[in-house]
Amino acid sequence: MRRLLSGIILCTLLLCGGTLAQEKRYKVMMILFRGTTPAETGFMDHLSSRLPVEFLVRDVAGERRKAQEFVEEARRERVDLIYTFGTSVTLEVVGATGKIDPAVHVTDIPVVFNIVADPVGAGLAPAFGATGRNLTGVSHLVPMADQLRAMQRFRQVAKLGVIYNASEPNSRLAVAQLRGLVGQFKLQLVEEAIISGPKPEAAEIAQAMRALIAARPGFIYLPSDSSLIERADAIVDLARPAGIPIISATEGPIREDGALMGLVSNYANAGAFAGYKAEQILRGKETVSNIPIETLRRFTLVVNMTTAVQLGVYPPLELIKIAELLQL
Amino acid sequence: MKDLQRRLVVLVSGLLLLAAVFVSYRAGEHFESSLTQRRLGVETEIGRSVAVVVEKALAFGVPFDQLADTERFLEAVKFDNPGVDYIIITTLDGRLRYSTDLSQISNAAGLRGALAAWNGRERTAHIGKYFNTATALNGKERQLGWLHLGERANIIEQLLRDIVFDILTVVVVAMLVTFELMRLLFAATFKTPMLAINEFFTRIANGDFRRTLARDLFGGIGRLNRSINATVAELNTRARGRFADGAQMPPGFSFDLAGERGTVRAIAVENIRWSFFLLIFAESLSLSFFPIFVAQFYDPAFGLPLHVVIGIPITVFMLAWALTMPFAGTWCDRVGYRLAFSVGAAMTTIGLVLTAYSTSLADLLLWRSITAVGYGIVYVTTQAYITVFVSTEEGTQGQAMFLASFFTGSLSGAAIGGILVDRLGFSTTFLLSAGLSATAALYVLRALGNEIGRTVARKSLLLADFKALLRHRHFAIVTFLSAIPAKVALAGFLYYSVPLYLKGLGYSQSITGRVMMAYGLAIILIGPMVARLADRARTRRWRFIMLGGYAAALAMMVPLLVENMKGAVIAVIGLGVAHAIGVSPQMTLINDRCGETIREVGQATAVGIFRLVERIGTITGPILLGAMIALSGFMNAFAVLALITFATTTLFALLLWWSDRATGPVDIA
């Protein structure tokens with residue numbers, strides 16, 4: 001009996017082993033914007049733990065035009081998949097919908113992007129979900145409702161201020177989402193728009209902030225908009241004397257500029273999620289055009305405790321337990 | 001003989017209970033010392049986990065007197081640790097700073113006083129009715145306060161109350177298994193040899209000396225066989241001697257002159273019953289955790305929601321089982337019960353071993369199908385064996401015995417399986433199942449004779465029979481409005497949802513097993529009683545089915561009204577009671593109302609078709625519930641299922657009431 005059983009088990013094992021042995025080695029090119037981040041580590045760790053993969057890591061070092069060289073190389077090397085970091089590199093590699101030039105842009109190699117705040121606004125796809133193009137990827141933006149929920153758990157507020165740049169799509173998207181959620185969260189929304197264009201003057205930001213502070217909101221929301229993120233230190237400095245905390249959509253302003261808190265995507269997790277999508281494509285389980293563009297579903301709550309102490313606004317213990325606390 | 005059996009049952013259960021009480025008592029004594037130590041460890045651990053969070057806040061500069069939302073945090077910790085009665089944070093000088101709600105605490109003022117006066121040297125102390133554990137709360141440079149955690153001091157009593165259920169479970173299952181074993185032993189050592197001796201002597205009384213009694217390995221009454229055989233052999237030798245001398249044989253006597261005598265063997269239904277019980281027990285071990293086992297093979301890449309995927313293996317199992325049954329019947333008639341049962345049990349064994357080593361959903365489905373086919377063969381073989389070898393007068397009793405074995409095995413398996421899997425894990429439990437199932441196969445190989453079916457000629461299933469029955473209004477009403485919904489509830493609610501629901505509430509597998517056991521217990525305890533009542537009710541029998549339907553609908557609504565465990569337990573018991581009331585009269589009602597059609601297609605075929613069609617419910621149940629849970633959560637799924645049951649029952653009652661009013665109640669002679 002025992003011999004029969006072990007025989008059966010052995011056969012099962014052999015069958016499983018057989019399928020493993022047939023797998024080939026894949027070539028994946030990674031085109032990065034400015035060096036390797038935890039997002040790439042997450043991507044590579046996920047993929048190499050599941051498939052035999054050779055990674056060709058290429059860095060444009062902030063010069064998006066250089067991406068074209070790497071695209072050429074990818075074609076020569078006949079890579080199986082291209083990974084792109086960030087909105088500009090991704091646009092450079094695949095082109096915006098409706099402006100695709102097959103001579104320049106990649107149309108025949110599957111592309112998985114990562115850390116693109118707003119793939120829809122950037123013109124990579126008409127909506128979240130499957131694109132129908134040779135493109136899929138992960139947005140690191142956290143759903144607005146989750147951000148607001150985290151904010152309300154931190155501190156119940158009735159009025160939320162938002163500063164935004166009317167000429168930036170990411171800003172407009174955030175405000176539109178906030179407007180859609182005020183009813184659900186019983187919030188009064190106070191908006192201050194900056195209208196001078198993509199490079200606002202310090203004076204204009206200061207003016208908008210003064211108007212916001214005058215309305216005494218419980219929090220001020222800082223959208224994922226690079227034109228504002230660049231001025232995050234000024235925004236935080238203006239709000240601090242009034243005792244108004246900033247909730248930020250991205251991690252940078254919390255870590256570097258003293259925004260109080262934010263619910264943000266962990267780069268390594270976003271990388272692993274992108275890796276999962278790449279795995280589906282390489283295994284042939286799903287074609288790239290059918291794999292949806294998605295955001296993560298698990299996020300990190302980041303709290304700048306130096307700011308918390310300065311403002312005297314302390315996170316409740318249940319958040320302290322789970323949050324990443326920063327002390328600068 | 002019945003009386004002897006009854007007295008034996010009383011004796012054995014008495015002994016068993018005494019033993020269980022004694023063992024539990026001794027175990028309880030042991031508790032005091034070991035459990036106090038363990039609880040102490042647990043409390044210190046909980047205290048530490050709270051202190052870590054508070055200290056994290058302090059380390060990052062939150063002032064000790066400005067910790068935010070602390071009450072809510074402490075209440076959450078208390079909720080997660082049901083043993084904890086209070087959590088209090090005091091300053092160094094013992095003033096209460098933060099605490100859980102103290103209104104339920106006996107003598108809260110005394111507690112405050114005691115904490116204020118507490119010197120901080122003893123980390124654990126009895127304060128009033130509570131056992132208090134203190135943990136230091138350290139700020140950046142120095143200690144800032146204390147965290148006190150209280151648990152009722154009579155914790156042993158509390159734990160004993162919890163463990164009583166465990167003990168009861170084991171006692172109930174032990175009793176059921178013992179009764180099954182006792183029946184087997186009783187049959188093997190007493191009933192079978194007695195029947196054989198009886199037949200032997202009846203033949204001798206008629207002058208037939210040509211038989212011998214089988215060698216008896218169990219050593220009961222059968223020990224007499226050797227001397228009886230020897231005596232008869234001696235008589236035969238002498239007769240042969242006389243015959244060789246040319247003497248005439250006396251008329252009316254026949255002797256074994258060739259020296260080869262046939263063996264008298266008695267057939268005992270208990271032999272197959274025990275193996276059947278063992279096999280059902282083996283297969284049911286996984287009942288309480290199977291959906292959770294399946295969940296680990298889930299991959300979002302399937303493109304289906306988790307809850308639907310979990311339902312698939314149960315559905316496939318039921319489908320394979322249902323499809324096997326019609327073929328298994330004819331096959332077992334051809335090859336004999338011994339071979340059919342052994343092959344079936346062997347397939348189940350192989351299926352279970354492979355299940356233990358499943359690596360993906362695809363192989364799991366394949367292995368479960370193999371198991372199901374084996375299970376189906378065993379099920380049909382046993383049913384046929386009992387039908388054939390139990391005398392006609394005891395026919396109903398035979399079927400009752402079959403069902404009793406089925407439910408006893410099933411509920412014992414579910415309860416024990418839950419306890420086992422908590423300790424051994426999935427794979428080992430499946431291997432254990434396989435071992436038991438192999439034992440059943442081997443036992444049948446040894447104990448059963450090579451009887452080939454003396455079955456009443458079995459018709460093969462004809463499409464025309466299906467049509468004839470389904471076209472009969474009453475058959476269709478009972479099948480589609482009562483039988484199928486009942487099976488959907490059984491497979492979808494009990495087998496599929498209950499394990500997942502309880503797991504979601506954070507309960508262990510052994511508790512799940514125990515809850516599921518309640519269903520079988522309700523059926524076993526209430527079923528026979530209801531059957532008797534329903535037999536007496538005659539023309540009003542359909543009201544039992546209606547009552548059962550409404551009771552089932554109500555039972556499945558209970559989790560919405562009563563939260564947590566309590567709701568689940570009431571629902572499962574309620575469903576058991578509902579099915580005990582409503583399910584067994586279904587076949588009787590069909591017999592009453594569709595007599596003519598049934599005579600046309602044959603009783604056995606009609607039952608077969610009914611059982612086959614009602615399995616639509618078993619097959620669709622898990623997938624249906626899975627889809628509903630994936631769409632809208634447990635509560636809504638339960639509500640929808642309850643509403644469906646309510647609707648079909650109402651329709652069932654209205655249709656029967658209307659048809660009775662139109663034609664007048666059917667008169668049954």
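Is V42(B) buried, exposed or partly exposed? In this predicted model, V42(B) has 17 C-beta neighbours inside 10 Å and therefore counts as partly exposed. The residue sits in helix α1 of chain B. Its C-alpha lies 9.7 Å from that of N81(B), although 39 residues separate V42(B) and N81(B) in sequence.

Helix α1 of chain B, residues 2–59, also takes part in the contact with chain A. That contact draws 22 residues from chain B and 19 residues from chain A. On the side of chain B, the elements that give two or more residues are α1, α2 (70–80) and α9 (337–356). By class, the residues on this side divide into 15 nonpolar, 4 polar and 3 charged.

Chain B as a whole comprises 20 helices and 7 strands. Of its 669 residues, 43% count as buried. Among contacts in chain B with a separation of 6 or more, 78% link residues 24 or more positions apart.

Strand β5 of chain B spans residues 143–152 and is mostly covered, with 8 of its 10 residues buried. Two pairings of this strand were examined. Strand β1 of chain B, residues 84–91, runs antiparallel to β5(B) and is joined to it by 7 bridges. The link from β4(B) to β5(B) is a hairpin through 4 residues. In a regular strand, side chains alternate between the two faces of the sheet.

A helix pair in chain B was examined next. Helix α6 of chain B (residues 269–284) packs against helix α12 of chain B (residues 426–447) at an angle of about 165 degrees, and the axes are 8 Å apart. Because this angle is over 145 degrees, α6(B) is roughly antiparallel to α12(B). The crossing of α6(B) past α12(B) is left-handed. From α6(B), the contact takes N271(B), I272(B), S275(B), L278(B), L279(B), F281(B), A282(B) and E283(B). These meet S433(B), L436(B), S437(B), T439(B), A440(B), Y443(B), V444(B) and A447(B) in α12(B). By class, the contact has 10 nonpolar, 5 polar and 1 charged residues.

Backbone geometry was also examined in chain A. Most residues other than glycine have a negative phi. K186(A) has a phi near 50 degrees, a positive value in a residue other than glycine. K186(A) lies in the loop between α6 (169–181) and β7 (188–194) of chain A. With 10 C-beta neighbours inside 10 Å, K186(A) counts as exposed. R216(A) also has a positive phi, near 50 degrees, and is not a glycine. The loop that holds R216(A) runs between α7 (202–214) and β8 (219–222) of chain A. R216(A) has 12 C-beta neighbours inside 10 Å. Since a residue with 12 or fewer is exposed, R216(A) counts as exposed.

Key. Residues numbered from 1 in each chain as written. Chains lettered and ligands numbered in written order. Predicted model: local features only at pLDDT ≥ 70, side-chain atom pairs only at ≥ 80, totals over all residues. Buried ≥ 20, exposed ≤ 12 C-beta atoms within 10 Å, placed from the backbone. Pairing = 2+ DSSP bridges. Contact = placed C-beta atoms within 7 Å. Nonpolar A, V, L, I, M, F, W, Y, C, P; charged D, E, K, R; others polar. Axes fitted to C-alpha atoms, helices over the stretch in contact; angles between N-to-C directions. Parallel < 35°, antiparallel > 145°, perpendicular 65-115°, else oblique. Left-handed = near helix turned anticlockwise from the far one by under 90°.
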